[in-house]
Amino acid sequence: MEYEPRTIEKRWSDWWKKHQVYRVVETSDKPKFYILNMFPYPSGAGLHVGHPLGYIASDIIARYKRQCGFNVLNPMGFDAFGLPAEQYAIEMGIHPAVSTEENIRRYRQQMENIGLSFDWSREIRTCDPKYYRWTQWIFTLLFEHYYDYDADKALPITALVERLEKEGNARVRAACNADTPLITAQEWHRFSEKEKQLFLLQYRLTFPEESFVNWCPALGTVLSNDEVKDGVSERGGYPVERRRMKQWSMRITAYAERLLRGLEEIDWPEAIKDQQRNWIGRSQGALVRFPVEGHSGRFVEVFTTRIDTIYGATFMVLAPEHELVSAITTPAQWSEVQGYVKWAASRSERERISEVKRVTGVNTGAFAINPFSGNAIPIYVADYVLAGYGTGAIMAVPSGDQRDWNFAKAFGLPIVPILDSQKNLDQAADPTKEGRYINSGIINGLTYEEAVPKLLRWLEEKGLGKARIQYKIRNAIFSRQRYWGEPFPVYWKDGVPYLLPESELPLVLPEIDKYLPTETGEPPLARAQHWRYRPTPNEAYEYEYSTMPGWAGSSWYWYRYMDPHNDEAFCGREALHYWRCVDWYIGGPEHAVGHLLYSRFWNHFLYDLGLVPEREFAKKLINQGMIQGRSSIAFRAKESFYEEYLWVKVLKPYLDNFGPMHIPKNRAEESFTYDFAFASNDLAIEVVSWKKSDKIESVCQAAEADGKRLLVLFTEELAADINSPEKIAQRIQQALESREPFFMSRTVPEVEQLFVSFELTAKYSPECFSRLHVDISLVEDDVLDVARACERPMFQKAKFKVGPDGQFRCTYEIEKMSKSKYNVVNPDEVIEQYGADCFRMYEMFLGPVEASKPWDTKGITGVQGFLKRLWSLYVGQGNIWLVQDVDPSRQELCALHSAIKKITEDLNRFSLNTCVSHFMTLTNELRALKCHKKAILEPLVVLLAPFAPHLAEELWHRLGHETTVCDAPWPAWDERHLETDRVVYPVQINGKHRGNIEVDARASREEIERTALQQDFVLRYVGNGSVKKIIVVPGRIVNIVV
RNA sequence: GCCCGGGUGGUGGAAUGGUAGACACGCAGGACUUAAAAUCCUGUGGCCGUUGAGGCCGUACGGGUUCGAGUCCCGUUCCGGGCACCA
């Protein structure tokens, strides 16, 4: 019987379901292994072949670990809140819950088709009230805590209140807003309830605040920085603007140092760790206060990482938004400064970034005193200094910083060298730390290492500054003005947010009539008319109308899988302490600073509260690469193509007949003129589209003024005859011979678009074409199936200019798979044709899991052939069972055991592509040996089970087993079978491989040397020269140095 | 600009400092077949030479360390990703 994947796979996927083979329980004395895939957002397009890469890889590991005796948790769920479902709802009027449900159903079906061993009894969905109840609960915890730097952890806000009552906040070292005032206990006691609540918001780990946000008018919502790409929304590509709005924030900055330190203890790819470090952006430096001349008590406070350069500070720069700007600007400079500040404010973020090179700024007229030198230095305002970073002001050291240098050059400010090693300061800044200081007062002659502590000591003694660590990371905006997300468990009373009591959770999303913002610009939830919090019959408070962002539900979900149906807790203690944390986490690298950083933040917080057992939620992270699509691209002619075509293909070859050509010049300057004219004749030619035939009149006038007759050629008729240029030449010939003043066709062919085969496009300017994505199902080997293409709306009125072989060719591009690029390959179709096992192994065989690579179905036949050959070791023609219980030979055992060894080792280092090749090699060897022995083939089935579970299960049962192969213990290799009597040593002469010798496996070093030196090929190279040295690496190689 | 990756046959990719190109795809030739498909066999980095000799070159480029370098070090270059007036 032939290998029939479809029959086999159906049989066993049903059987697994029936016997609940993938059900996991905590009551096990086996060691635990928790492997987790980043859960997907269930989009309407379904899974494409790129999605399962990580799922398959993790499934193989999950199955392997299970066979190794671990109790494996391998769950799957859905990150089901999100913008696309809401956009779909707005367009189609379908409730997001309905379309989400439908998409999830499809995703699950597709995943089951692949044979993934997920325990579906643990499936979770972030949009399920039973789930988001706990997302809301965690939010309430964040609201009720603050971060205390002395304890270096989150503490209850009640602890802060106690301290405020006793001693005010002067000695409280905690994460808080930058402008939090110092208050005494007396002041605290004098606060009203409202004032107290507002004051506490400055400490809470989540809090509402006015902040600049990325507002997307088209989507009617706020986007986070990582949802904005190049100034437009990641989803939909709509423009985004900066706007000041009241938003909930997460005080992730409190955890900056912890998140940075925590990276040391986790096994994550360095690239991801680097990105997180970069994002957190720790920089060590100093805060320095520069007194403002003539304003006693006012200081310009700056942060610098190069305190050692302070003697080179020849001016100061404030951000336009800096509060000192209006206070210190002199009357003479007032209007200029005001004008600049206003102008800077009007510029969008995008403009500012796009004009990086331009130096702008203005002098305030005020001076600051350099605390070290006592020099008065001018204070400028410029928008290259950012209000949001550091103190919003800098000391400018043009000799060391290129931006300061540019500014100094533009404004004629002095550039003072401060290190004897600085070079070419007239051409650029030199940021070196080498050498010894000059022009630098108390640090003259010192090195960098000596200077910094001395300066810091001096500053601290004088009370003018101190060492300081600064972070780039900002608090994370946590609210979105949209419908399909978790509601905040918050109501507003007297302008103050209060938490709902826990008994009110979950606060369920209300039904609304439309999923759009209200007419007054409030979020969609404001449409829910009677949706109010009513603690007593006489009270009614508005809820918070924003919803939580996509990352809320994904920042803790791995705990819910441990205990998904628990109504008493986010996760039961027992399950929590059994599974503890994720052992292997698999997902794309695009989540480096979004999901993965927020998740770590929440986890550190939950850890502080003693709610979870580990500081870091995922010990090991693996990034799977992206499987890209191979898009097919066709070239569509633009109007300028026809002119070039006419010139190159028609006029040039026939020029001898027609006489010299004249192409009218200065076309841009004149209002309109024709395209060609014959110098020796009175005929002019104009190429124009039928759709633009209203232009003809002005062309006629131009021709008349020139004294020419006019031939109008429509692009449509050129397109229709595109494969026969001689017809067009004929038409021109007729026009030349005729004496009519004006020629054009009365009827124009119904051709609207002309596509040009790729190999022909090189002859024309690139501007002649637009590039269009073509559905890849219409293309094979870059050749378009023209007949089938014409049935598509896109090609309805198209004409194709084919190549010399009569074929129409496309070009291709490797890019992300997406519906809009028509390059999506659906796994269902591949599975239908080749089977799930083949699909799984092929995806692994494609290359390392971490690498991105284009999907290419060509190689899949190789894997298919391998599976067929493997099958034929067990089952012969006519469904004959070939496996016999016969003692295996030495050679067969060696082949098997070396495969066991390689596959096991490669699994442990997560090299799954090479595992597949080891299977191929073993199969090829066993076929060559005509091996049908049970002692060899049974372990092979067990090895194969993680990779091709259906096929393995089938063969396992045919071998007489009744229970699942998933629980068949992983075989161990026996070194004895790997040993051989004779070993082959490659022999190098001076490091170049020249031949091989075969010696006894137990041969001594001397024997090997002797054997090597006796070889003809060695003697040839050694000749009469003496052998200087022989290196023998046991089991490896012999190298003879002559 | 800064920070990470990465450059190996026609292609995807192998290679704890130890025979570069495993395993596949593709291609070429052959077997089976009326034919095709399927299957099987052989060859396949380049150049020169042989036609059962062999030699030279070869892992982006240039140096270095080493008995030995795709692998380690220094420099250059190209490609990909991330961050960015971040003081």
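Predicted model: local features only at pLDDT ≥ 70, side-chain atom pairs only at ≥ 80, totals over all residues.
Of the 1042 residues of chain A, 52% count as buried, where buried means under 20% relative accessible area, exposed means over 50%, and partly exposed lies in between, with a 1.4 Å probe and protein chains only. Residues are numbered from 1 along each chain as its sequence is written, chains are lettered from A and ligands numbered from 1 in the order in which they are written, and side-chain values use heavy atoms, with hydrogens and water left out.

Let me begin with the chain as a whole. The C-alpha trace of chain A spans about 100 × 95 × 90 Å along its principal axes. Its secondary structure comes to 35 helices and 42 strands; these are DSSP runs numbered from the N terminus, helices being H or I with at least four residues and strands being E with at least two. Chain A exposes about 47800 Å², of which carbon and sulfur atoms supply 49%; the areas come from the Shrake-Rupley method with a 1.4 Å probe, and for residues only the protein chains shown count as cover. Among the contacts in chain A with a separation of 6 or more, 71% are between residues 24 or more positions apart, contact meaning heavy atoms within 4.5 Å.

I turn now to helix packing. Two packed helices are described by the angle between their axes and the distance between the axes. Here the axes are lines fitted to C-alpha atoms, for helices over the stretch in contact, and the angles run from 0 to 180 degrees between N-to-C directions. Angles under 35 degrees count as roughly parallel, over 145 as roughly antiparallel, 65 to 115 as roughly perpendicular, and the rest as oblique.

Helix α32 (residues 949-958) packs with helix α31 (residues 934-944) at an angle of about 150°, and their axes are 8 Å apart. The two helices α31 and α32 are therefore roughly antiparallel to each other. From α31 the contact draws on E938, V941, V942 and L944, and from α32 on L951, A952, L955 and W956. By class, this contact of α31 with α32 has seven nonpolar residues, no polar ones and one charged residue. In this classification Ala, Val, Leu, Ile, Met, Phe, Trp, Tyr, Cys and Pro are nonpolar, Asp, Glu, Lys and Arg are charged, and the others, Gly among them, are polar.

Helix α28 (residues 860-874) also packs with α32, at an angle of about 5° and with the axes 12 Å apart. How are α28 and α32 oriented, roughly parallel or roughly antiparallel? They are roughly parallel to each other. The contact is made by L867, L870, W871 and Y874 of α28 together with L951, E954, L955 and R958 of α32. Its residues divide into six nonpolar, no polar and two charged.

Next, some individual residues. H897 is placed in helix α29 (residues 890-908) and is buried, with a relative accessible area of 10%. Leaving out residues up to four places away in sequence, H897 touches A972, W973, D974, H977 and L978. Q197, in helix α8 (residues 193-201), counts as buried at 14% relative accessibility. With the same exclusion of residues up to four places away, Q197 touches R204, V496 and Y498.

D79 lies in the loop between β2 (71-73) and α3 (83-92). Is D79 buried or exposed? D79 is buried, with a relative accessible area of 16%. Beyond its neighbours within four places in sequence, D79 is in contact with F39, P40, Y41, P42, T126, G550 and S554. The C-alpha atoms of D79 and Y598 are separated by 15 Å, and these residues are 519 apart along the chain.

K992 is in strand β40 (residues 992-1000) and counts as exposed at 51% relative accessibility. From C-alpha to C-alpha, K992 and A376 are 71 Å apart in space, and 616 residues apart in sequence.

Finally, I draw attention to the backbone. A cis peptide bond, with omega about -5°, joins L505 and P506, and P506 is found in the loop between β19 (496-499) and β20 (532-533). R580, which is not a glycine, has a positive phi of about 60°. This residue, R580, lies in the loop between α18 (573-579) and β22 (582-587) and counts as partly exposed at 30% relative accessibility. N990, also not a glycine, has a positive phi of about 50°. N990 lies in the loop between β39 (982-989) and β40, and at 45% relative accessibility it counts as partly exposed.
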